[in-house]
Amino acid sequence: MTRSQFMDAFERALFNLPCKDGTYLSREERATALRYFEEYFDDAGIRQEDSVPTEFSNPDALAQQIVDEAEGGAPQENKQSEDTCLPFRSVHIDVCNAGIEFVKGDGYQVRIDYPEGIPAPRMEIREGQTLYIKELPMRRVFRFFSLRSWKNGMIRITVPQNAPEGLERFSVKTVNGAITLPALTLTELTCETVNGAIRLTGVAAEMLRAESVNGAISLAECRAQTKAHCETVNGSLALSGELLGNTHAETVNGSVRIEMQQPQTAYDLALETISGSIFINGEKQRKKVRTCNKAANAVHAETVNGSIKLEFSK
């Protein structure tokens, strides 16, 4: 069976098969399932005329399983777990469908809130004082996908109000969900998501990196000693604070706004927009600005559809 034949049969089955309560999948639910498998085949390099793997040989059975799990669109309760964990210095999180939020409170705690029926990620402290949170791998694609799995979970990590300044590397990655961090002092921070915003407030680190595809990025009153890199495709970028070394802000569809605590003379500038304007301290510039004063710091900002606004201290 080719990919094209599979998708046609799968779409017909999703449309015709009733849920347990006699209702049918909504148009949005059918589109979600179809989009998932189209993307799966794309990632696997399977073209329309190519044969699909053996686990896709029965599109009716696969559609039936998805319809059965949907239960007529009935809401699913979430399962929650909250654990007091040992102190940690580094964090490594790698999940798919969950928002991730760090908050300040009493002690170290991890709260994982996932939809019922979806395996919650595993949490452990290892390699010294590194907090690991990672979803378990799924071996078979038809067990991986269900309409429930597209309902996001939530991971909330509490650190003490007076968090130690010995925090080191935080690597926080999700696919569908926002990432939020409060004022923490780290060695290095990496935040990555595909569909979601990234919000950092008062974070200080030697290196800050925040990347999204469909989501805005905000670094509010942050401090980077050597590098701050912010990049998205569909979303605006807003950076402020003491950003030293190299600051990179790049988007395609969105504006860029940067507020620096240092004067303009402390930076070399490389700014460019296609469909927008560039303003430096309120004064309109050309669509492409380059300055080279052999300064100790540099700002690179670019967008295609949006404006760029830079404000420096006087």
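Figure 1. Ser171 belongs to strand β8, residues 169–173. Helices (H or I, at least four residues) and strands (E, at least two) are DSSP runs, numbered from the N terminus. Leaving out residues up to four places away in sequence, Ser171 touches Val91, His92, Ile93 and Thr190, where contact means heavy atoms within 4.5 Å. The model is predicted: local features need pLDDT of at least 70, side-chain atom pairs count only at pLDDT 80 or more, and totals for chains, interfaces and linings use all residues. Residues are numbered from 1 along each chain as its sequence is written, and side-chain values use heavy atoms, with hydrogens and water left out.

**Figure 2. The whole protein.** The secondary structure comprises 4 helices and 22 strands. Of the 314 residues in the protein, 45% are buried. Among contacts with a separation of 6 or more, 54% are between residues 24 or more positions apart.

**Figure 3. The nonpolar cores.** A nonpolar core is a set of buried Ala, Val, Leu, Ile, Met, Phe, Trp, Tyr and Cys residues joined through side-chain atoms within 4.5 Å. The largest such core has 58 residues, of which Phe170 and Leu181 touch the most other members. Strand β13 (residues 217–231) gives the most to this core, with 6 residues. Another core, of 20 residues, lies apart from it and includes Phe6, Leu14, Leu25 and Tyr36. In soluble globular proteins, nonpolar side chains tend to be buried together. Not counting residues up to four places away in sequence, the residues touched by Phe170 include Phe88, Val91, Phe102, Leu181, Leu184 and Thr190.

Figure 4. Helix α1 covers residues 3–16, 14 residues in total, and reaches 20 Å from its first C-alpha to its last. This is close to the expected 20 Å, the expected span being 1.5 Å times one less than the number of residues. Buried residues of α1 include Arg3, Met7 and Phe10. Rings of Phe, Tyr and Trp (its six-membered ring) pair if their centres lie within 6.5 Å; planes under 30 degrees apart count as stacked, over 60 as edge-to-face and the rest as tilted. The count of aromatic pairs comes to 14. One of them joins Phe6 and Phe41, with ring centres 5.7 Å apart and planes at 90°, so the pair is edge-to-face. Phe6 lies in α1 and Phe41 in helix α2 (residues 27–44), so the pair ties together parts that are 35 residues apart in sequence. Phe6 and Phe41 are both buried. One aromatic cluster consists of Phe6, Phe10, Tyr36, Phe37, Tyr40, Phe41 and Phe56.

**Figure 5. Charges over rings.** A charge sits over a ring if NZ of Lys or CZ of Arg is within 6 Å of the ring centre and within 35 degrees of the ring normal. Arg126 lies over the face of Tyr132, 3.8 Å from the ring centre. Lys309 lies over the face of Phe279, 5.8 Å from the ring centre.

Figure 6. Most residues other than glycine have a negative phi. Glu221, although not a glycine, has a positive phi of about 50°. Glu221 is in strand β13 and counts as exposed, at 51% relative accessibility. Lys294 has a positive phi near 55°. Lys294 sits in the loop between β20 (288–291) and β21 (297–305) and is exposed, at 79% relative accessibility.

Terms used: Buried < 20%, exposed > 50% of the residue type's maximum accessible area, 1.4 Å probe, protein only.
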